[in-house]
Amino acid sequence: MTQSAPQTSSPSVGQPVDRVDGLLKVTGQARYPAEFPFERMAHAVIVQSTIARGSIKTVETAAAEAAPGVLAVLTHLNAPRLHSSPPSFVVGSAPPPPLQAQHISYHGQHIAVVVAETLEQATFAATLITVDYQEETPLLRLDDPHAQVLDNAFPDVVRGEPEAALARAPVRVEATYTTPTQHHNPLAPAATIASWDGETLTLHDSTQGVYNTRAQLAMMLGLEITHVRVLAPFIGGAFGSGLRPWPHVVLAAISARQVGRPVKLVLTREQMYTTTGYRPRSVQRVALGATRKGQLLATIHEGTEPVAMNDDFREGLTRATALLYASPHLRTAYRQVRLNVAVPTWMRGPGESTGLFALESALDELAYALDIDPLELRLRNDTPVHPQSGQPWSSRKLRECFELGAQAFGWERRPRAPRSLRDGHELIGWGVSGSYYPYNRQPAEARVRLLADGSVLIQTSATDIGPGTATILAQIASDALGLPLARIRCELGDSNSPVSPNQGGSMLAASAGSAVHATAATLLEQTLALVQEDEYSPLCGASRKMILTGDGYIALKSDPTRRESYTAILQRHGLDLLESTGRAAPGDEAQRFGTGIFGAKFVEVRVDAELGRIRVSRVLSVIAAGRILNPKTARSQVIGGTVGGIGMALLEQTRMDETTGRIVNANFADYAIPVHADIPPLEVLFVEEPDLELNPLGVKGVGEVAIVGIAPAIANAIYHATGRRVRDLPITMDNLL
Ligand code: MOS
């Protein structure tokens, strides 16, 4: 019988393969943080302040303590003293630990936790706690003259002489844009189960970074880092709300220690609006000056956001403005105002999704002022080098995104004048926007274990909040080892596994992906080392350069019929497994190149001419994000981000009562998010640009760039449809009547 020569099986990377954990998820076998069973588990319910500023004079807990089933009530009077985590921008510092003082700095601050035998008993007992406050007038408005303004929270950029250049520019636009507070609202509310074994704490938690949560909890509780284990194998979404260890996680931990039993704490939907961060509102001023031919001369972008009283969260609100388009004269400025608000955090496309709403709307206004096609205006201001550093781009296919998108969308058929497309009672408009998110990568480690049955287990602490991390890591290992995807398993979200960064900032594919890539390569070398001097092996004498892999075999390139399977090699050497733990870290590429993830967004809207009702009827996203590891999961990320962008543009808005600081629409009835009926068919195109300057996989990341640019493209389409420029999100029908 002739043996067919093994080819390298067709590569898995780049294929639209199904999620390796899809079946687990849809059959309910995947366990989410609140679903881990423990014996004698108690339930914790938090109590929150009903004032935004002041202090607790008295807190009455006796009735709650006497209520049926109650095991403990913790307030600032009896809670253990905790250490503050040091502020750290990069890893997502924890907000101040809860229950440490009587002081109140926002409405919804955690002031007590009730632990009981059942959730119902804890919920009831929590209602029996009464608090007497010393109330002060809260600072709640961005323009409050008493509020402290921080003017160095994020690096400002200045090029040339922006004010003088703006004054000289023959064509100018200038406007103020606002965006509201928005909340992540993942499908699963955040949950924590804390259990202690002596001085060792285990947490099941809805975190996007188990190492980060472990480190920060250990610090706050004064524990050795090895005495905390954090597990998050599956999470029901997050969008950034899981990037910081929040007070309720700490409350679960101290409650469990207090009652000497495992404690489960699940936030209600309402509590998610004060407890797990949000996208801060913004007020932004953009001024653009240009030549009559549409060359930008001056760009000024100033933005202000709130910051909580005892926190340092900040985001790159104006960051993209300094590099997305050429502008010889430029100034960006980011200001924060300290207010009595809950602690914000990163939310999908943090900084850019908000900042580019202003810049990309202003560019559209400039295009009309110049009578130049808005897409053409962007192309005229493309920049072959990073406009600030003058360095070349590692890759930047923004122009290609615009051009491919224009062709696919039919942009050339777009009449320039607003209100010139109509279908019956509907006004039709087409809008465009550029999109950008920074390329990020951090060091990461992975363990790759080859078992005697020829299967592979990948372990890294990375979490998967939904994008498909397990799938792309399995694909990478499949190709690196030449083993079928079906033989590869991935265990994620365990702080006992090798370190991965947070799943945030679109960095995990490049970070953990590179680690798995490098570690799998080492494992192949280890396997080969077993047979290199093994006279019984057909691979005897073969070096790495002389072999190829596929279908579970290692074979000689020169004669692929000379081959041996991984299972045969391990078996003959009496090995149950072979494993490697490896690390991959970025080099100096980010210092040598301008980097970034780019895209172009095209939107069609239909606006009812009489009723002002807005419908998004087409969206095309064109994304250049390096090598696309899996077009199916990447597309899912982009359409998910697009839905978020439609929500941002037309629906989502957290409303705070500016007298009391209370959020008044903390529920799905009053905080509107898109439903299926709001979403048209969404198209996604990728401009392939494997970027090997950045990492060996050539990958960037698609999670954040997915949402960036959708809101301005919608606003620009609405202007094109109606002639109404709406500069305040969300855009609702009353803006168009
Ligand atoms: Mo993303 S906002 O970094 O989860």
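1. A nonpolar core, as the term is used in this note, is a set of buried Ala, Val, Leu, Ile, Met, Phe, Trp, Tyr and Cys residues joined through C-beta atoms within 7 Å. The model under discussion is a predicted one, and in it the largest such core holds 218 residues, among which Val-114, Val-115, Ala-477 and Ile-714 touch the most other members. Helix H12, spanning residues 508-532, contributes the largest share of this core, namely 11 residues. The core also draws at least three residues from each of domain 1 (22-30 + 442-585) and domain 2 (373-439 + 593-736).

2. Val-114 deserves a separate look, being one of the residues that touch the most other members of that core. Once its neighbours within four places in sequence are set aside, Val-114 is in contact with Ala-44, Val-45, Val-47, Ala-64, Val-70, Val-73, Ala-122, Ala-125 and Ala-126.

3. On the scale of the whole chain, the secondary structure comes to 16 helices and 28 strands, and the C-alpha trace spans about 80 × 75 × 50 Å along its principal axes. The radius of gyration of the chain is 27 Å, which agrees with the value near 27 Å that a compact globule of 737 residues would have. Of these 737 residues, 56% count as buried.

4. Helix H15 (residues 631-650) has 20 residues and reaches 28 Å from its first C-alpha to its last, close to the 28 Å expected; H15 is mostly covered, with 15 of its 20 residues buried. H16, with 13 residues, reaches 18 Å between its first and last C-alpha, close to the 18 Å expected, and 13 of its 13 residues are buried. As background for reading such helices, an α-helix has 3.6 residues a turn, so residues three or four places apart point the same way.

5. H16 is followed by Gly-723, whose phi is positive, near 80 degrees. Pro-730 is placed in the segment after helix H16 (710-722), and a cis peptide bond, with omega about -10 degrees, joins Leu-729 and Pro-730. Most residues other than glycine have a negative phi, and most peptide bonds are trans.

6. Which residues other than glycine have a positive phi near 60 degrees or near 55 degrees? Leu-99 has a phi near 60 degrees, and Asp-371 has a phi near 55 degrees. Leu-99 is found in the loop between strand S3 (70-75) and strand S4 (103-104), while Asp-371 is found in the loop between helix H8 (352-370) and helix H9 (374-380). Leu-99 counts as buried because 23 other C-beta atoms lie within 10 Å, a residue being buried if 20 or more do. Asp-371, with 11 C-beta neighbours inside 10 Å, counts as exposed, since the cut-off for that class is 12 or fewer.

7. Is Leu-457 buried, partly exposed or exposed? Leu-457, whose place is in strand S20 (residues 456-459), is partly exposed, because 16 other C-beta atoms lie within 10 Å. Not counting residues up to four places away in sequence, Leu-457 touches Arg-449, Leu-451, Arg-489 and Glu-491. Leu-457 and Val-499 are 42 residues apart in sequence, and their C-alpha atoms are 16 Å apart in space.

Methods. Residues are numbered from 1 along each chain as its sequence is written. This is a predicted model: local features need pLDDT of at least 70, side-chain atom pairs count only at pLDDT 80 or more; totals for chains, interfaces and linings use all residues. Helices (H or I, at least four residues) and strands (E, at least two) are DSSP runs, numbered from the N terminus. The expected span of a helix is 1.5 Å times one less than its number of residues. Domain bounds come from an automatic or database domain assignment. Two residues are in contact if their C-beta atoms, placed from the backbone, lie within 7 Å. The radius of gyration is taken over C-alpha atoms; the globule rule is 2.2 Å times the number of residues to the power 0.38.
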